[in-house]
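Here is a briefing on one chain. Look through the sequence and the model first, then read the points below.

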Amino acid sequence: MDLIKGAVRMHLGMSRAPRPVRNAARLMCLGAVLTLADAGTVMLTLGGVRSAAVQDIDFAGGQWHIFVLAVIVPALASTPVVAGVWLWLAWAIGRGYARARFALKVFFSLLTAGWLIELAMGGGRGATPVTWPDLLATTALWLVGLVALLLVFSQAASPYYQQEPAHQ
């Protein structure tokens, strides 16, 4: 086993990933945990969201159930997938797979779009109910993604992705 690890290290020309890459991988693992925490925040604040929705004119009648089915259920159902993507990115980025950098860009773009949609949906202003804890959790998740992206594309990390990693 040590022989295989040594061969991978020699192929990459480095004893281990540069510090920015290791830190980015750690942040991506934190992103997986924050994704689960964000879903927990949504579930814990659902009562406050419902109270705000019922008071809102746009949610008169039975529209709360439509909101839950169209927004809340898909967001909660996608949580394990998003956490899994964070963990896969941490693994692939840490191993030096150059294509994972592109995947991180796409993933961060989706995170940004979700964050902006949440801001537009109210952010406590009232358009569509979003509670401040939900917004803060999503903002923390977005910031983790931003820092990880900046670390992966830093000058110190770029040479790590110039070579193809060895296949085991």
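In H7, the buried residues are Asp134, Leu135, Ala137, Thr138, Leu141, Trp142, Val144, Gly145, Ala148, Leu149 and Val152. Buried means under 20% relative accessible area, exposed over 50%, and partly exposed in between (1.4 Å probe, protein chains only). This is a predicted model: local features need pLDDT of at least 70, side-chain atom pairs count only at pLDDT 80 or more, and totals for chains, interfaces and linings use all residues. Residues are numbered from 1 along each chain as its sequence is written, and side-chain values use heavy atoms, with hydrogens and water left out.

**Helix H7 and the fold**
- The 21 residues of H7 should span 30 Å at 1.5 Å a residue, and its end C-alpha atoms are 30 Å apart, which agrees. The expected span is 1.5 Å times one less than the number of residues.
- The chain has seven helices and zero strands. Helices (H or I, at least four residues) and strands (E, at least two) are DSSP runs, numbered from the N terminus.
- Of the 168 residues of the chain, 39% count as buried.

**Nonpolar cores**
- The largest nonpolar core has 27 residues. Such a core is a set of buried Ala, Val, Leu, Ile, Met, Phe, Trp, Tyr and Cys residues joined through side-chain atoms within 4.5 Å.
- Val21, Met28, Trp86, Ile93, Leu111, Val152 and Tyr161 have the most contacts inside this core.
- At least two core residues come from each of H2 (19-44), H5 (79-95), H6 (98-120) and H7 (132-152).
- Apart from this core lies another, of six residues, including Val49, Trp64, Phe67 and Ile72.

**Two residues and their contacts**
- Leaving aside neighbours within four places in sequence, Trp86 is in contact with Met28, Gly31, Ala32, Thr35, Phe107, Leu111, Leu141, Val144 and Gly145. Contact means heavy atoms within 4.5 Å.
- Thr41 sits in helix H2. Its relative accessible area is 18%, so Thr41 is buried.
- Not counting residues up to four places away in sequence, Thr41 touches Pro133, Asp134 and Ala137.

**H5 against H6**
- H5 and H6 pack at an angle of about 150°, with their axes 10 Å apart. Axes are lines fitted to C-alpha atoms, for helices over the stretch in contact, and angles run from 0 to 180 degrees between N-to-C directions.
- H5 is therefore roughly antiparallel to H6. Angles under 35 degrees count as roughly parallel, over 145 as roughly antiparallel, 65 to 115 as roughly perpendicular and the rest as oblique.
- From H5, the contact uses Val82, Val85, Trp86, Trp88, Leu89, Ala92 and Ile93. H6 contributes Ala100, Arg101, Ala103, Leu104, Phe107 and Leu111.
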